[in-house]
Amino acid sequence: MSAPVTVVNVGYRSTNSWVVSAGRSRLLVDLGWPGTMGTLRANLERRGVPLGEIRYGLATHFHIDHAGLAQELKQVGAPLVVLESQAAAVPEMKRHVKPADRFVEIATHDNVALTFAESRAFLARLGLAGEILPTPGHSDDSVSLLLDDGAAFTGDLTPPQMLGDDPASAVAAASWRLLSERGARTVHPGHGPVRPMPH
Ligand SMILES: [Zn+2]
């Protein structure tokens, strides 16, 4: 295809936010804590990523440290992608915040609804070769971005070595198997450093 793909972490407060770019066509994966737009702006600037070049926001799941700035990013020109398994979680966000968090409620009528089957074509329009996969376990609405070069952005999907015998662990284990089958080689988690795909 075209421009080389680059990945930059602009996260803070121990939560990663990944700018995945094909040249200047950029997707932001995980959308910061509520009330921290200034910090995100500063980090983008420091890493040389113009805010105006972010074409879409994608939350691996709708917990406040991963989707807290979704609405504010929409307001500055980065529409929110909502996968089919995430629609119900978007309006639930406001239940988990306190007024002091300065959370801006996410409108539900103006997002970019996407099915997993459509995700490859959607990413291709951004210049990115890959797909978005349902990877429940940590939460029902958890998704992962998987690029064809093997880079997987897995949010809070529980690491395999921390899984137990409970039903939620079985769901997470199946998500890891799916990522592995589809070619994941490197994990870009929601918290902590980039690591090799577990096996
Ligand atoms: Zn979470």
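In this predicted model, Lys-74 sits in helix α3, which spans residues 70–75. With a relative accessibility of 13%, Lys-74 counts as buried, because the cut-off for that label is under 20%. Its side chain has two polar partners to look for: a polar contact of 2.7 Å joins Lys-74 to the side chain of Asp-110, and another of 2.7 Å joins Lys-74 to the side chain of Asn-111. Beyond its neighbours within four places in sequence, Lys-74 touches Pro-79, Leu-80, Ile-106 and Ala-107, along with Asp-110 and Asn-111.

Side chains of opposite charge can pair when their charged atoms come close. The structure holds seven salt bridges. One of them links Glu-92 and Arg-95, at 2.8 Å from N to O. Here Glu-92 is partly exposed, at 33%, whereas Arg-95 is exposed, at 63% relative accessible area.

A salt bridge of 3.6 Å (N to O) brings together Glu-105 and Lys-94. These two residues are 11 residues apart, and each lies in the loop between β5 (80–83) and β6 (112–114). Glu-105 is partly exposed, with a relative accessible area of 47%, and Lys-94 is partly exposed at 40%.

Further along, Arg-120 and Asp-148 form a salt bridge of 3.0 Å, N to O. This pair links distant parts of the chain, 28 residues apart: Arg-120 belongs to helix α4 (residues 116–125), while Asp-148 lies in the loop between β8 (143–147) and β9 (151–155). Arg-120 is partly exposed at 37%, and Asp-148 is partly exposed at 48%.

How values were computed
Residues numbered from 1 in each chain as written. Predicted model: local features only at pLDDT ≥ 70, side-chain atom pairs only at ≥ 80, totals over all residues. Heavy atoms only, no water. Helix = DSSP H or I, 4+ residues; strand = E, 2+ residues; numbered from the N terminus. Buried < 20%, exposed > 50% of the residue type's maximum accessible area, 1.4 Å probe, protein only. Polar contact = N/O pair within 3.5 Å; in protein donor to acceptor, adjacent residues only side chain to side chain. Contact = heavy atoms within 4.5 Å. Salt bridge = Lys/Arg side-chain N within 4 Å of Asp/Glu carboxyl O.
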